[in-house]
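Okay, thanks for coming, everyone.

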Amino acid sequence: MTDSSTQQAEVLVRFSGVNKSYDGKNLAVRDLDLEVRRGEFLSLLGASGSGKTTTLMMLAGFERPTSGRIELAGKPLDNVPPWQRDIGIVFQSYALFPHMTVFQNIAFPLKQRRRTAADTDHRVRDMLSLVKLEGLQDRFPAQLSGGQQQRVALARALVFEPQLVLMDEPLGALDKRLREHMQLELKRIHARVGVTIVYVTHDQGEALAMSDRIAVFSDGRIRQLATPSELYEQPTDALVADFVGENNRIEGTLEMSDGDRCRVSFDELFHVAAVAPAGASPGMEVVLAIRPERIMLGEVPPAGENVFQGVVSGVVYLGDHARIEMTLPGGRTLTTRISNEAGRIVPVIGEEVTMSWRIEDCRVFLRESQAPGQTAGDN
């Protein structure tokens, strides 16, 4: 899957019609067409078993495609072993050599490539400066923190100046605060070095924070490939809307459609005006998605948009914001998020509130079984 702007940048990696099966029956990756632009940070995002890691392992050379073609810099990788692909790799487990010092671990790829001692010393010291580990070159991995070990693994992947760096859940073993710090560090290093990075993660927040583009995987396919803002604001289906960011998700029936607007019925008491889905007609079963931060409390949008009365049924204080759960007539619940601004009064449980949201903030998707071109037997 590509988008129209791909042709505007040089393509470094190309997957063409790639399939991968481990047992000869089931496909872990199916019909994969993907282009990675030189210098970009591309994340492969998906749940466990979605095909993202298999895609990375095929690019690294640790797995072979069942069919299809993978190219790096215009050259096929079919018969190129992993160590000849000019690719750096960072694993979640770091994979450092415990008997080697930090300097020796970083220098290892250069030693394998028979670089001179002077060049090796220069390159390793540059990497130590880049990942902010100056003065730690004589320590062993066991003497480092998890974040420091990850920096060593990153320096080792970059030291021989590869065309491409692959990262497989590299921050998964770190605690939340350190993981967020390392996200900023990776962005800084990527901006400075300019190397192409393909990054595998199941954490949508991580992907949104670091990526130039994100490919959302499900059942071995890319469901959407877009920038973080496009994925968040314009998801193409309910699965992407659910997986990227948080959504209030309600299933209902399309009541009427007029141009780019529609009306969805959920029961006799709850009707919503929303952006119309492509290919929809009245009577179809649909999924409505509205993000919590787009639901306003006590504010009334222009006439004709969505205004409802509800009762606060839950409040969770989270420091910079509060999560408010509201129950609508008929028993449906919606969640909103309000910022903790000075002087703002947070509603309390049992309080009746007016909630509203704009039509353009409310998206409607066809149920999977009714999506155009999809049958009940599709995976």
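**Helix H4 and its surroundings**

Let's start with a crossing: H4 and H5 cross in a right-handed way, where right-handed is when the near helix is turned clockwise from the far one by less than a right angle, and left-handed when it is anticlockwise. Before I go on, the ground rules: this is a predicted model, local features need pLDDT of at least 70, side-chain atom pairs count only at pLDDT 80 or more, and totals for chains, interfaces and linings use all residues. Residues are numbered from 1 along each chain as its sequence is written, and side-chain values use heavy atoms, with hydrogens and water left out.

Back to that pair. H4 and H5 pack at about 20°, with axes 11 Å apart; the axes are lines fitted to C-alpha atoms, for helices over the stretch in contact, and angles run from 0 to 180 degrees between N-to-C directions. That makes H4 roughly parallel to H5, since angles under 35 degrees count as roughly parallel, over 145 as roughly antiparallel, 65 to 115 as roughly perpendicular and the rest as oblique. On the H4 side you have Gly147, Gln150, Arg151, Leu154 and Leu158, meeting Leu178, His181, Met182, Glu185, Leu186 and Ile189 in H5. Contact here means heavy atoms within 4.5 Å.

So what about H2 and H4? They pack at about 30°, with their axes 7 Å apart. That makes H2 roughly parallel to H4, and their crossing is right-handed. Val102, Asn105, Ile106 and Pro109 in H2 meet Val152, Ala155 and Arg156 in H4.

Why call H4 largely enclosed by the rest of the structure? Because 11 of its 13 residues are buried, meaning under 20% relative accessible area, with exposed over 50% and partly exposed in between (1.4 Å probe, protein chains only). Among them are Gln149, Arg151 and Arg156. The buried residues of H4 pack against strand S6 (87-91), helix H2 (102-112), helix H3 (117-130), strand S7 (164-168) and helix H5 (176-193). A quick geometry check: at 1.5 Å a residue, the 13 residues of H4 (146-158) should span 18 Å, and the end C-alpha atoms are 19 Å apart, which agrees. That expected span is 1.5 Å times one less than the number of residues.

H2 has its own buried set, including Phe103, Ala107 and Leu110, and its cover includes H3 and H4. Just after H2, Arg114 takes a positive phi of about 60°.

Now the sheet. Four strands form an open sheet in the order S2-S1-S4-S5, with antiparallel pairing; two strands pair if DSSP finds at least two bridges between them. S2 (27-37) and S5 (75-76) are the edge strands, each pairing on one side only. S4 (67-72) and S5 are joined by 2 bridges, and Glu71 stands opposite Pro76 in S5. Helix H1 (52-60) lies across S1 (11-21), S2 and S4, at about 115° to S1.

To zoom out, the protein chain has 8 helices and 20 strands, counted as DSSP runs numbered from the N terminus (helices H or I, at least four residues; strands E, at least two). Of its 379 residues, 47% count as buried. The C-alpha trace spans about 75 × 50 × 40 Å along its principal axes. Among contacts between residues at least 6 apart in sequence, 68% join residues at least 24 apart.
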